[in-house]
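Work through these exercises with the model on screen. Try each task before reading its solution.

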Amino acid sequence: MNFQGSRRRGEDGVATVIDFLLSNARLVLGVGGAALLGIATLAVKRLIERAGRAAENEKVEQKMADSWEELSLVSTSPTLLRKGIEGVVMKHVSKATKQQTGMDDILMTQNERLQQYYSSRVVLAPHEVEKAQSLALDICTEIQGFLHSRHPDMPLGEMNLGGSLLDDLQVVSADHACLLVPLQLEPSLWRLIPGEETLLTHPLHWMVRRINLEYFPRGHSYWDRYLVGGYLSAETVVNMFSKAVMETANWPSISSTLDCQVRPVLGGPELRLEIRCVSESSNQPLFISMLPVLREGDVVLTAQPLLTSPWVNAWHLSLYPWETRRLAQLDAGDAGCRRLMLKILKAVCKLSPPLRHLQAAPLTNLILHLSDSESDWSKNSLDVRFQQCITELIGHLEQEALHSYFKPAVNLLNGLSEDQVDQMGFMLYCAVSDPDILLI
């Protein structure tokens with residue numbers, strides 16, 4: 001490691017030293033190790049730069065000199081060097097975050113900090129939610145009217161809005177909505193088969209079998225035309241809606257009616273629309289997904305080839321209704337803040353690049369599991385539960401497993417790569433000593 005040139009003062013000096021730390025880490029740790037280290041060092045760089053603007057140049061220079069003195073004591077062994085660098089990085093994450101937080105709110109407790117984060121970064125403005133819901137419902141009316149006129153014999157239930165936007169669980173920005181399209185099946189002609197009873201043996205991959213063919217041959221049900229091997233094919237149904245709606249509807253005319261630019265997002269396995277309001281100053285689009293569903297009792301099956309691929313006949317068992325209902329019941333029973341905690345965790349993950357791959361389902365199930373062992377979910381214990389969620393999540397990432405609350409055989413972390421797990425784990429590990437690095 002050859003560091004030539006004079007150390008500049010202030011924030012430029014800090015940036016130079018951090019950049020040097022990163023570039024030389026690659027030589028010793030390799031690309032993977034440096035990427036992991038990069039998460040924390042970039043956070044340090046941003047935080048110390050802000051703190052440095054308020055501090056005297058000499059103090060900043062001394063702080064970084066101390067860092068290099070610490071690093072010089074670390075062994076040249078790659079493993080030990082990595083741990084040593086991470087230790088120094090975490091120390092400065094903690095110091096810099098506390099300094100920045102202290103400058104903003106000297107007397108603010110962690111509980112107050114969480115509630116401030118919720119009100120300033122997490123919760124959506126009512127007018128933003130109303131606008132997005134209104135637009136989604138207008139699109140819903142247009143699509144339903146189009147299907148009724150073009151395919152009057154297609155047995156569909158009333159289309160409606162579903163998902164986080166409807167359930168007050170969306171965070172940061174109202175940028176997506178879901179339109180549920182209920183398919184109506186004749187109970188005497190179709191049977192929904194639980195995933196565990198299918199050849200796939202996957203608890204979330206259900207199948208829909210055509211029955212009583214000896215008495216009611218093919219053709220008696222409208223949906224017989226989408227049979228593949230004796231089962232209603234979710235992929236074939238999605239392809240049908242893609243051609244019947246996404247590729248056929250007069251989107252320029254609909255755009256003119258709604259005073260928005262509405263266009264289908266083609267080429268993927270999802271039925272998705274992108275809407276941009278011409279009159280809005282913000283250029284942020286609203287994405288609306290059209291989701292074919294089958295309902296029987298409390299079972300909701302969705303046609304989502306992205307989740308059931310490569311099985312063309314498989315339907316996805318949605319646990320979202322069960323999970324959100326359970327959270328609401330628990331909070332109603334003890335005036336708890338589980339839903340509020342979920343929204344904070346969702347926002348933290350959405351706004352933090354290393355955590356962005358953590359979806360809502362693992363976070364929801366994390367809270368449901370924790371609710372079985374922790375009874376105090378009052379707002380006074382928000383900080384304790386938040387810290388506990390971080391610790392529990394690290395444990396699950398280390399095991400590379402977080403099991404579904406309602407379907408324990410399902411591992412909700414199964415889709416994450418080793419790199420993603422490492423990055424998330426390190427970011428959360430840094431947050432154990434100072435949770436504020438997640439609330440920037």
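The chain has 13 helices and 11 strands. Helices (H or I, at least four residues) and strands (E, at least two) are DSSP runs, numbered from the N terminus. This is a predicted model: local features need pLDDT of at least 70, side-chain atom pairs count only at pLDDT 80 or more, and totals for chains, interfaces and linings use all residues. Residues are numbered from 1 along each chain as its sequence is written, and side-chain values use heavy atoms, with hydrogens and water left out.

**Exercise 1. State what share of the chain's residues count as buried, and what share of its contacts join residues 24 or more positions apart.**

Step 1. Buried means under 20% relative accessible area, exposed over 50%, partly exposed in between (1.4 Å probe, protein chains only). Of the 440 residues, 49% count as buried.

Step 2. Contact means heavy atoms within 4.5 Å. Take the contacts with a separation of 6 or more: 63% of them are between residues 24 or more positions apart.

**Exercise 2. Describe how helix α10 meets helix α12.**

Step 1. Locate the helices. α10 covers residues 338–351, and α12 covers residues 382–399.

Step 2. Take the axes, which are lines fitted to C-alpha atoms, for helices over the stretch in contact; angles run from 0 to 180 degrees between N-to-C directions. The two axes come within 11 Å and cross at roughly 50 degrees.

Step 3. Classify the angle. Under 35 degrees counts as roughly parallel, over 145 as roughly antiparallel, 65 to 115 as roughly perpendicular and the rest as oblique. α10 is therefore oblique to α12.

Step 4. A crossing is left-handed if the near helix is turned anticlockwise from the far one by less than a right angle, and right-handed if clockwise. α10 passes α12 in a right-handed crossing.

Step 5. List the residues. From α10 come L340, M341, I344 and L345; from α12 come L382, R385, F386 and C389.

Step 6. Sort them. Ala, Val, Leu, Ile, Met, Phe, Trp, Tyr, Cys and Pro count as nonpolar, Asp, Glu, Lys and Arg as charged, and the others, Gly among them, as polar. The contact of α10 with α12 has 7 nonpolar, no polar and 1 charged residues.

**Exercise 3. Is R385 buried or exposed, and which residues does R385 touch?**

Step 1. R385 sits in helix α12. Its relative accessibility is 6%, so R385 counts as buried.

Step 2. Leave out residues up to four places away in sequence. R385 then touches M341, L370, E374, D376 and W377.

**Exercise 4. Describe how helix α4 meets α10.**

Step 1. α4 spans residues 110–122. Its axis and that of α10 come within 10 Å and cross at roughly 65 degrees.

Step 2. The crossing of α4 past α10 is left-handed.

Step 3. α4 brings L114, Y117, Y118, R121 and V122, while α10 brings L340, K343, I344, A347, V348 and L351. By class, these are 9 nonpolar, no polar and 2 charged.

**Exercise 5. How many aromatic pairs does the structure hold? Classify two of the pairs.**

Step 1. Rings of Phe, Tyr and Trp (its six-membered ring) pair if their centres lie within 6.5 Å; planes under 30 degrees apart count as stacked, over 60 as edge-to-face and the rest as tilted. There are 5 aromatic pairs.

Step 2. W223 and Y226 have ring centres 5.9 Å apart and planes at 45 degrees, so this pair is tilted. Both residues, W223 and Y226, are buried.

Step 3. W322 and F406 have ring centres 5.7 Å apart and planes at 75 degrees, so this pair is edge-to-face. W322 is in helix α9 (residues 320–334), and F406 is in the loop between α12 and α13 (418–433), 84 residues apart.

Step 4. W322 counts as buried at 14% relative accessibility. F406, at 29%, is partly exposed.
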